[in-house]
Amino acid sequence: MTTCATAVARTLADCGVGHAFGLVGGGNVLATAALTRAGVHYTAARHEGGAMAMADAYFRATGRVAVCTTTHGPGLANTATALAEAAKNRSSVVLLCGDAPVAGPRAHDIDQSALAASLGVPVVRPTDPDTAVADTVRAVRTATAEQCPVALFLPADLTDRELPAVPVPAMPPPQAHAGDSVEVDEILTLLSAARRPLLLAGLGAWRSGAAKILTDLGDRLGALLATTVMANGMFAGHPAALGLCGGFASPPAAALMGEADLVLAFGAGLDDFTLHGGRILDPAARVVQVTLEGAQAPRADLAVRGDAAAVATRLLDAADAHGLTRSPWRERAAASGALRRATGGWAALPHPDASGGGRIDPRTLTRALAPLLPADRTVVLDGGHFIGWPAMYWPVPDPAGMVFTGAAFQSIGLGLAGAVGAAVGRPDRTTVAAVGDGGALMGLPELDTLVRSGRSALVVVYDDASYGFEEHMYVPRGADAATLRFADTDFAGVARALGARAVTVRNPDALDGVREWTAEGAVGTLLLDCKISRDVLAPFLSDLLGH
């Protein structure tokens, strides 16, 4: 015989869960103890929202399900922003949380299932000890197969209930859907008429394991290659890879993308961010969207419901079988020099240096940092105006090397916690976290967790002493700048107090601290408190504002 909490924890471990992030209270302390006894590694967060962001980032960096565990009531409520972000990003995470007793709620209980449902999160709530194991397997299976966070609520009066040992049922592998023959024929018809095909890969393509087959398909079609920001690095090193599609694209790359007359988008949502408000593609270009989830994007002329890798494989076979003519677009772009300029990215383009007055131009800072960063890195972004600079100047080795917290829910404050999840999940890579001053202060408790983790991490605080996005967006429209600006924060002092190394950066000479840190093995956490100019506008926002 074993307790229900122990059975749930052992089942999670048997389903392959290797790490949990959490903060314990009366509703989950026994289940958390059972997790560690079952061999699941545990990272103690300082805030439940941080724990949820860590589990989300762990999944993004590794592709493996992690557990976030909190107590009931306020513990769950504190996860709301990070949980909504994970839901909108379709991250496979299990939230193990205490809950009201089956016998009825207590005075302090809330309707946790309604809260989770309002965030788009499926709920599994065992009400009988005899079904606890099967319910736990169902939670993990749903998180994996449906690519979503799942709330596993353990009622308080079941925690200590005993049940017999129950074998854990096997989890069937997911089935890949390859679209139907009619849809493939429609794509072939469009390809036969196209002269300049562009393959656009999104996060869904990366998760389906489509990197190799999409590269092969692009080579077969003579297509140019691009990715969404969430699939950044998927075609890293390929001579026909244009980089990011959208507002982060360099002008030469954006110009080539705008020449495409057919866009095959695999696993990409085709939202305004990816399409840069409709500016990135020729309005006359035909667009095919291959996706497993979501409604057809307004910009798509044809939507194919299917797994990116499976559809690409079928399409490659069909192109060979039908003797489809290869486009000469790549060769022409290479011969004209347009491809070389496009693949050079932002690093090849000069910029005027706006440093001065004790503040550094964010472009100068980010470009100077680029060659100092370890090649094997995971870049973690928080939300904010500053995101343009790392996205423009810091390439990543693959999409697992880009963890963009807050993008799906349009939030800030999750970056430091995300750095913990990424660092724990990929200890073979140095974590480079880029955060704004506003987001850093929102998520500041998890800087302590990052330092305690002992992992190799560089935190770059883009400190303009303001909410930069809102200032650039709304002050010209009448917003009061005083509500958006703050006195300088001594992030370096705070970081040292928490046990990290720290440097205040006002000019490139201060980056010698990064050279020293890397020369010593990049051990532990180094924070750069970068006092940046607030007057430099990122290109993606400049375009959206019509500047």
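How many salt bridges does the structure hold? The structure holds 21 of them, a salt bridge being a side-chain nitrogen of Lys or Arg within 4 Å of a carboxyl oxygen of Asp or Glu. This is a predicted model, where local features need pLDDT of at least 70 and side-chain atom pairs count only at pLDDT 80 or more, while totals for chains, interfaces and linings use all residues. Residues are numbered from 1 along each chain as its sequence is written, and side-chain values use heavy atoms, with hydrogens and water left out.

**View A. R138 and D135 pair up within helix α7.** The closest N and O atoms of this salt bridge are 3.1 Å apart. Both residues sit in α7 (residues 132-145), and because they are 3 residues apart, about one helical turn separates them. Helices (H or I, at least four residues) and strands (E, at least two) are DSSP runs, numbered from the N terminus. D135 is buried at 11% relative accessible area, whereas R138 is partly exposed at 41%. Here buried means under 20% relative accessible area, exposed over 50%, and partly exposed in between (1.4 Å probe, protein chains only).

**View B. R286 and D301 meet in a salt bridge.** The N to O distance is 3.6 Å. R286 lies in strand β13 (residues 286-291) and D301 in the loop between β13 and β14 (302-305), so the pair ties together parts that are 15 residues apart in sequence. R286 is partly exposed, with 40% relative accessibility, and D301 is partly exposed too, with a relative accessible area of 40%.

View C. As for cover, D448 is buried at 13% relative accessibility, while R452 is partly exposed at 42%.

**View D. Helix α3 packs against helix α18.** α3 (residues 48-62) and α18 (residues 415-425) have axes 7 Å apart and an angle of about 45° between them. Axes are lines fitted to C-alpha atoms, for helices over the stretch in contact, and angles run from 0 to 180 degrees between N-to-C directions. The two helices are therefore oblique to each other; angles under 35 degrees count as roughly parallel, over 145 as roughly antiparallel, 65 to 115 as roughly perpendicular and the rest as oblique. M54, in α3, is buried with a relative accessible area of 0%.

**View E. Q147 and A465 have positive phi without being glycine.** Phi of Q147 is near 50°, and this residue lies in the loop between α7 and β7 (150-155). Q147 is partly exposed, at 23% relative accessibility. For A465, phi is about 55°. A465 belongs to the loop between β18 (457-463) and α21 (468-474), where A465 is buried at 3% relative accessibility.
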